[in-house]
Amino acid sequence: MVIWTEIEPAPGWRLRLAASDESLRLVNFVRAGSAAETELAQHFGTEVLRQQADAEIFRQAASQLERYFRGDLRQFALPLALRGTPFQLRVWALLQTIPYGETCSYRELAGMAGIPKGSRAVGLANGANPVAIIVPCHRVIASNGKLQGYAGGLAAKKMLLDIEAGRFTLAGL
């Protein structure tokens with residue numbers, strides 16, 4: 001069974017979370033007008049879904065995400081149940097090695113994944129990351145230093161990078 005909820009860890013940041021067996025499986029951005037059940041069915045198919053806001057995993061995730069947005073948390077400590085192809089899982093593991101406040105290019109990440117000419121494949125794996133922010137796909141940028149591609153939108157990617165660089169703070173929350 002997959003349980004889910006929605007949280008707002010910072011003003012203007014509405015996230016949908018899903019978990020099973022006390023491990024997060026999904027953290028993504030809620031878009032205006034998106035139907036939770038439809039979107040969740042796209043991710044989880046025929047698995048049984050139930051809304052449950054009071055699960056311990058969601059309390060932990062909400063607390064850590066709030067601390068992250070305030071600039072008080074640099075490393076998440078949440079159990080994850082990532083499901084993807086072996087290549088996607090490798091890329092997502094590499095994403096978690098990019099230090100807080102730093103970035104790397106798609107090309108660099110492809111090299112780390114062992115396929116130096118695989119920037120596009122890395123970009124596709126990055127885009128399929130089911131656990132936004134916690135698996136920090138926002139830390140991957142174009143080789144020319146420009147922001148490119150992010151499920152939450154480029155403005156969200158920029159703000160996350162600005163928070164990590166100390167250029168923006170939500171410390172008053």
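Mentor: Happy to! Let's begin with R107, which, sequence neighbours within four places aside, is in contact with P116, S119 and S143. Keep in mind that this is a predicted model. R107 is found in helix α4, and with a relative accessibility of 52% it counts as exposed, because the cut-off for exposed is over 50%. For a sense of distance, M159 lies 52 residues away from R107 along the chain, and the C-alpha atoms of the two are separated by 23 Å.

Now for the helix α5, which spans 119–127. Its buried residues are V122, A125 and N126. These three cover an arc of only 100° around the axis, which puts them on the same side of α5. On the face of α5 turned away from the buried side you will find the exposed residues R120, L124 and G127. As for the cover over the buried residues of α5, it includes α3, α4 and β6.

The largest nonpolar core has 45 residues, and L24, L95 and I133 have the most contacts inside it. Among the elements giving two or more residues to this core are α3, α4 and α5, along with the strands β1, β2 and β3. The largest share, seven residues, comes from α2. Looking at I133 itself, and leaving aside neighbours within four places in sequence, its contacts include L15, F29, L65, Y68 and L160. There is also a second, separate core of seven residues, which includes V2, A18, L26 and F44.

Finally, the strands. Seven of the eight residues of β2 are buried, so this strand is largely enclosed by the rest of the structure. β2 pairs with β1 in the antiparallel sense over six bridges, and I7 stands opposite L15 of β2. The hairpin of β1 and β2 has two residues between the strands, and G12 takes a positive phi near 85° there. β2 also pairs with β3, again in the antiparallel sense and over six bridges. In that pairing, A19 has L24 in β3 as its bridge partner, and L24 is one of the residues with the most contacts inside the largest core. The hairpin of β2 and β3 has two residues between the strands, with D21 in the turn at a positive phi of about 50°.

Notes: Residues are numbered from 1 along each chain as its sequence is written. This is a predicted model: local features need pLDDT of at least 70, side-chain atom pairs count only at pLDDT 80 or more; totals for chains, interfaces and linings use all residues. Side-chain values use heavy atoms; hydrogens and water are left out. A nonpolar core is a set of buried Ala, Val, Leu, Ile, Met, Phe, Trp, Tyr and Cys residues joined through side-chain atoms within 4.5 Å. Buried means under 20% relative accessible area, exposed over 50%, partly exposed in between (1.4 Å probe, protein chains only). Helices (H or I, at least four residues) and strands (E, at least two) are DSSP runs, numbered from the N terminus. Contact means heavy atoms within 4.5 Å. The arc is that of the directions from the helix axis to the C-beta atoms. Two strands pair if DSSP finds at least two bridges between them.
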